Amino acid sequence: MQTATIQARKTSGGATALKLQTFFLIILIMTALPAFSQQVKPLPRATPASEKVNAKGFADYLEAARKSEIGMHSVMIVRNGKVVAEHWFDGFSADQAHVMHSVSKTFTATAIGFAVDEGLLTLGDKVIKYFPDKLPSTPNDNLNALEIRHLLTMSSGHDVEPKRGDGDWLETFFNAPFEHKPGTRFVYNSLATYVLSAIIQKVTGEKLIDYLTPRLFNPLGITDARWEESPQGINNGGWGLYVKTEDMAKLGLFILQKGLWNRSRLLSKSWFDEATTFKIESLPAGTKKEDLKVQPEDSDWLQGYCYQMWRSRHNSFRADGAYGQYILILPEKNAVIVTTAQVNDMQAELNLIWDYLLPVLE
């Protein structure tokens, strides 16, 4: 009897230990799930020929880019949802995060799209309601009329772009003179995008990058993104994001597919119908068409502005960052062309794309 009791206790103890091991294994798996959800999910690859892309034309582009010495870092072509050509220059690599400069703005605008879909804000919201403590003592009519849509279209009403300093960047933005009726004058304005980032943080309680992570970065397999922030702890919004070349291509494909990813809808089609179309003429501040030194048909900066994206020639539009960061979306070709660079002549970089890469998309 005693032997049987001891054996029963051993069996019971073994079962208990097994249950504990199973319990801790489940906890370990649950803890690891967020990491699994953030794994890199590369875009599918295909040969150029399979997607009607001229491989020799791409090789000719690479040669022309090298000879131009304009300072290319990477290039990638996505056609029909597949990467068909990619190249890194001069020691840059696929796993290297690159500064986006103002390509960051398009990520910020996408966050606004999610917030609209979720009913957290509307494009017609008056901006002053979010930051009553940052306003001048007597806001003028132009500032009172400022809406979120005007921040998106770089038509806040400023005569010149406010320059951030060492103080509170929101106060800098709101206390700069609002000399024009919002929506009537295009003035490129990175602090306007910073205000969009601040609005996201205000309505969600999360920094912009944290808000985008489960909605955009995780589903698209964008990992290790980082975003600089202001002294006030707000992501810069208009600049300061670091992601990889393929991450840029994923955002471009997401926009091209109007919010679909792996046949799942992440963001409404109506947002992209609105966000990618012409909203305001992109003439340099205070310039008239007749005073331009270059003809509009020769410039990719005179095709108009959307929501934190530029219209381009050849019925395209793009996310655009200083020194040659581009996510160029060509709906008629069902294609996305991405570049990173350190160039001084950004039009020359786009001209190479039009001269060499547009023709390879048969």
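Rings of Phe, Tyr and Trp (its six-membered ring) pair if their centres lie within 6.5 Å; planes under 30 degrees apart count as stacked, over 60 as edge-to-face and the rest as tilted. Under that criterion, ring pairs link Tyr130, Phe131, Phe173, Phe174 and Phe178 into a cluster. This is a predicted model, in which local features need pLDDT of at least 70 and side-chain atom pairs count only at pLDDT 80 or more, while totals for chains, interfaces and linings use all residues. Residues are numbered from 1 along each chain as its sequence is written, and side-chain values use heavy atoms, with hydrogens and water left out.

**Aromatic pairs**

- The structure holds 14 aromatic pairs.
- One of them, Phe58 with Tyr61, is stacked, at 6.3 Å centre to centre and 25° between the planes.
- Phe58 and Tyr61 are three residues apart in helix H2 (residues 55-68) and are therefore separated by about one helical turn; helices (H or I, at least four residues) and strands (E, at least two) are DSSP runs, numbered from the N terminus.
- Both Phe58 and Tyr61 are buried, where buried means under 20% relative accessible area, exposed over 50% and partly exposed in between (1.4 Å probe, protein chains only).
- The pair of Phe254 and Phe272 is edge-to-face, because the ring centres are 5.5 Å apart and the planes stand at 85°.
- Phe254 belongs to helix H9 (residues 245-256) and Phe272 to helix H10 (residues 269-275), so this pair ties together parts that are 18 residues apart in sequence.
- Phe254 and Phe272 are both buried.

**Charges over rings**

- Arg318 lies over the face of Trp301, at 4.6 Å from the ring centre; the criterion is NZ of Lys or CZ of Arg within 6 Å of the ring centre and within 35 degrees of the ring normal.
- Lys279 lies over the face of Tyr307, at 5.1 Å from the ring centre.

- His158 is in the loop between helix H5 (148-152) and helix H6 (169-175).
- The relative accessibility of His158 is 0%, so this residue counts as buried.
- Its side chain makes a polar contact of 2.7 Å with the side chain of Ser156; such a contact is a pair of N or O atoms within 3.5 Å, and within protein one must be able to donate a hydrogen and the other to accept it, with residues adjacent in sequence counting only if both atoms are side-chain atoms.
- The side chains of His158 and Asn189 are joined by a polar contact of 3.3 Å.
- Leaving aside residues up to four places away in sequence, His158 touches (heavy atoms within 4.5 Å) Phe173, Ala176, Pro177, Phe178, His180, Arg185, Val187 and Asn189.

- Six of the six residues of strand S10 (residues 325-330) are buried, so S10 is largely enclosed by the rest of the structure.
- In a regular strand the side chains alternate between the two faces of the sheet.
- Gln325, Ile327 and Ile329 on one side of S10, and Tyr326, Leu328 and Leu330 on the other, are all buried.
- Strand S9 (residues 316-321) pairs with S10 in the antiparallel sense over five bridges; pairing requires that DSSP finds at least two bridges between two strands.
- Ala319 stands opposite Ile327 in S10.
- The hairpin of S9 and S10 has three residues between the strands, and Tyr323 in the turn has a positive phi of about 65°.
- S10 and strand S11 (residues 335-341) run antiparallel and are joined by five bridges, with Ile327 opposite Val338 in S11.
- The hairpin of S10 and S11 has four residues between the strands, and Asn334 takes a positive phi near 50°.
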